[in-house]
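Here are a few exercises to work through with the structure open beside you. Try each task on your own before reading its solution.

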Amino acid sequence: MMYGCEAWSQKKDDDKRIEAAEMWFYRRILRVKWTDKRTNESVLKELKTERTLLNLINARKLKYVGHALRNHRTSLMKTVCEERLDGRRRKGRPPISLVTNLTTACGLSLHQIVQKSQDRAGWQQKVRSSIATANTASGDADR
């Protein structure tokens, strides 16, 4: 299910589908029928767990981007992340991009991501801290 998630550009609709799939997995583990009226919170409480799939996907994205930006042989990834592409954008709302997902996942600007990813240990610490803050902020009703 998560094959290649490092390169996904996710929309809010995709996040909702991923969370729904995760809850479906948990309900299958407990053998809860779809006709049973159980809340997601009761299922999570019974399993003594939290929703973790979106955080795992965001962590994989951040780890991969840090790796690609440190590697000198992947100039294509640097070009994409630094948005140095020729051409003009179409009219209308700009599409959700991988760069947008990265900046919202870790709370840094693109320039800061490029700078901080050069220090491997520091970048790993940043990825862990962004996952920890996402875990404490999970449970948003309007995600």
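A salt bridge is a side-chain nitrogen of Lys or Arg lying within 4 Å of a carboxyl oxygen of Asp or Glu. Keep in mind that this is a predicted model.

**Exercise 1**

Task: Find out which parts of the chain the salt bridge between Arg 51 and Glu 19 ties together.

Solution: 
- Start with the distance: the N-to-O separation between the side chains of Arg 51 and Glu 19 is 3.3 Å, and the cut-off is within 4 Å, so the pair qualifies.
- Finally, look at accessibility. Buried means under 20% relative accessible area, so Glu 19, at 16%, is buried. Arg 51, at 24%, is partly exposed.

**Exercise 2**

Task: Work out how many salt bridges there are, and describe the pairs formed by Asp 13 and Glu 46.

Solution: 
- The count comes to 3 salt bridges.
- Asp 13 pairs with Arg 17, with 3.4 Å between the closest N and O atoms. Both residues belong to helix H1 (residues 12-30) and are 4 residues apart, about one turn of the helix.
- For accessibility, Asp 13 has 45% and is partly exposed. Arg 17 has 58% and counts as exposed, because the limit for that class is over 50%.
- Glu 46 bridges to Arg 38, the closest N and O atoms being 2.7 Å apart. Here Glu 46 is partly exposed at 45%, and Arg 38 is partly exposed at 29%.

**Exercise 3**

Task: Identify the elements that give two or more residues to the largest nonpolar core, and then follow the contacts of Leu 62.

Solution: 
- List the members: the largest nonpolar core has 12 residues, including Ala 59, Leu 62, Val 65, Leu 98, Ile 113 and Trp 123.
- Assign them to elements: H3, helix H5 (98-106), helix H6 (110-116) and helix H7 (120-137) each give two or more residues. H3 gives the most, with 4 residues.
- Now take Leu 62: leaving out residues up to four places away in sequence, Leu 62 touches Leu 102, Ala 105, Cys 106, Trp 123, Val 127 and Ser 130.

Notes
Residues are numbered from 1 along each chain as its sequence is written. This is a predicted model: local features need pLDDT of at least 70, side-chain atom pairs count only at pLDDT 80 or more; totals for chains, interfaces and linings use all residues. Side-chain values use heavy atoms; hydrogens and water are left out. Buried means under 20% relative accessible area, exposed over 50%, partly exposed in between (1.4 Å probe, protein chains only). A nonpolar core is a set of buried Ala, Val, Leu, Ile, Met, Phe, Trp, Tyr and Cys residues joined through side-chain atoms within 4.5 Å. Contact means heavy atoms within 4.5 Å.
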